[in-house]
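Here is a short report on one protein chain. Look at the structure first, then read on.

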Amino acid sequence: QSKAGTLTGFMGFDDTNDVREWSDEDIQALKVICEMLQMYWEGEETKRTLDFEREQLLSIFESISGIVYVSDPQTYEILFVNDKLKKAFNKEVVGKICYKELQGLESPCYFCTNEIILKDKNKEHQWEYHNPTLNRDYMITDRIIRWPDGRDVRFEIAIDISERKKAERLLRESEEKFRNFFETSRDIIYFASVEGKFIDINPSAESLLGYTRDELFNLDIVDLFDDLKLRKILIKKIESQGFVNDFEMILKRKDSTLVECLNTATLKKNKEGKIIGYQGIIRDISDKKMLEKQLMMSQKMEAVGTLAGGIAHDFNNILATIMGFSSYLLNKITESHPFYEGLAVIEDSSRRASELTTQLLAFSRRGKVEVKTINLNRIVKDTHNIISKTFDRSIKIRLRTESGLKHIEGDESQLSQIVMNLVINARDAMPDGGTLTIRTFSKEFSTSKQKKGFSIPQGDYSCLSVSDNGIGIEKYLLIKVFEPYYTTKRDMGSTGLGLSVVFGIVKEHNGFVDITSEVGKGTEVLVYLPTTKGGENVFIDKAMNVLGGSETILVVDDEKDFLSMAKHILRDAGYVVLTASSGNSAIKTYKDKWETIDLVVLDIVMPGISGREVLKKLMAINPDVKVLLASGYSEEEQHNEMLKEGAKSFIGKPFSGKKFLGKVRETLN
């Protein structure tokens, strides 16, 4: 009734305070009006409350970081969207069908089906979804809520997780790449504990170390080290620096053989900075080390070869005089002469010394090479015929030659020397007898073949194998066997030139030598020689027609003893002999008497002006000059160039008087 004063205008009362004059009917009517008005007020209040709650709810929806939309669970009609959804889709979607507008679908997807959400209204659903329209990934949270007007509506929040998904994808790809690298790497990749146990290790360890992965997990890493002091140094370096790069170490394989490795490793620490393990990469550098040793050996052999070639040259000059004079004197006397036997021994000894210098020159790759097309089988069979008659009967010789073996290009005497040196080495490796096997076979490499320490280019090769079942060679000594003067047979009077000469000759023929050996089981030496097309050149030696003459010959050499020897031999054969001990004096003599000089015997290597320069100046005086080259070096490349430039022929020192006269006559003719 206290509110009645506000109703006077409706009731027509002028004096609102005079309610005592109201009749019961008036009061009853007022009560009815108040009740009606109360109902109106309550409706307005409810409306205001609902509006306030709606505004509060929408304000909350706008503050949510993700996309928010509300839809009718029955009709799929969109009832509300926040500003983030409007910006994402850039169009008005309220009042439209959600799966068509937001997902671009003709019918609801599995997660959009309202039956799923309506099964349990109190349950929250969550799933990941890729929106094809926006090409973005979202985490959807979906549930039924009571809308301010009392209806149940479908409320969904979509949080953009595209960057997270991208990061997960990149992480997954990175993990896959690492796993692929881990599994396929030729290097060992490992993770180890502080206690010295492998936590993880890749398959390469199995092939390199010979253990299975299970065995590696069960063994102590210390057992792999050949030198425990080296491991202590490694651990100390890692812990002091936090890492090591290319730390050289030697590991033991399961079969106790050793492998040289490089270890690059880092520390693994926990959040507190405590060391919990090690991780790293181990690389096998055995081949690299072998190549380094091969290079060092090659350089050493090159240096010794240069020295050997120089020694051989000087030695040949001395031998040329000894051999020439001994053969000259032998021709002066009969076999009954008291000096005959001594001179014959001198000549024979100088010839054998000449063979030694030939080996030196072959090793230094300075020997005279007469290149022919040769069948390797023939050389092997010739050698077999010799050794089968001369080798001890306790050695069984097996010969296996491949029919149709392709020909090679080379010097026959040098190739014969290869075979002979190898079979002699094999014989000496079997002091108590055994089996010596000589084989020839063809080998074709479609790609370059990597061997231990060297690579064989692709191509066709005719191969020689000489093997024995003798005492064998220690592995650490194999690298030394091709070194000059290295031998394991000092007590047998070996010079140690056998395999070094083989090495030099094979290299001269663009070939390759490989050797394998095992102590107590024997040794095999394999020689690969590149093949050539065409048939074998068979030369029949013609009997040398050694005739003297009356021509004038100029002999040029810096060795006075050689000049004396040549002068005696040539004069005895009827020739007129002039001598010159230097290049300059030879040029002066020839310039003065060139019209009467029929032949010049010219040393190639002389102090001062060289034989090559002398040849050029002689040809400048007389382009038709006849020059016979003579040298203790017998360098094929050098004398071949001089032959192309105008010299007529070549003879290598030392030589017998008969051979010298034959070459002189041949050149004059």
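Start with helix H13. Its buried residues are Gln-414, Leu-415, Gln-417, Ile-418, Val-419, Asn-421, Leu-422, Val-423, Ala-426 and Asp-428. Buried means under 20% relative accessible area, exposed over 50%, and partly exposed in between (1.4 Å probe, protein chains only). Helices (H or I, at least four residues) and strands (E, at least two) are DSSP runs, numbered from the N terminus.

This is a predicted model: local features need pLDDT of at least 70, side-chain atom pairs count only at pLDDT 80 or more, and totals for chains, interfaces and linings use all residues. Residues are numbered from 1 along each chain as its sequence is written, and side-chain values use heavy atoms, without hydrogens and water.

H13 covers residues 412–428. The expected span is 1.5 Å times one less than the number of residues. Asp-411 caps the N-terminal end of H13.

Now take Thr-383, in helix H12 (residues 376–390). Thr-383 counts as buried because its relative accessibility is 4%. Leaving out residues up to four places away in sequence, Thr-383 touches Ser-416, Val-419, Met-420 and Val-423. Contact means heavy atoms within 4.5 Å.

Two atom pairs involve side chains:

| Side-chain atom | Backbone atom | Distance |
|---|---|---|
| Asp-411 oxygen | Gln-414 nitrogen | 2.8 Å |
| Thr-383 polar atom | Ile-379 oxygen | 2.9 Å |

Finally, the whole chain. The protein chain has 20 helices and 24 strands. Buried residues make up 43% of its 669 residues.

Terms used:
Polar contact = N/O pair within 3.5 Å; in protein donor to acceptor, adjacent residues only side chain to side chain.
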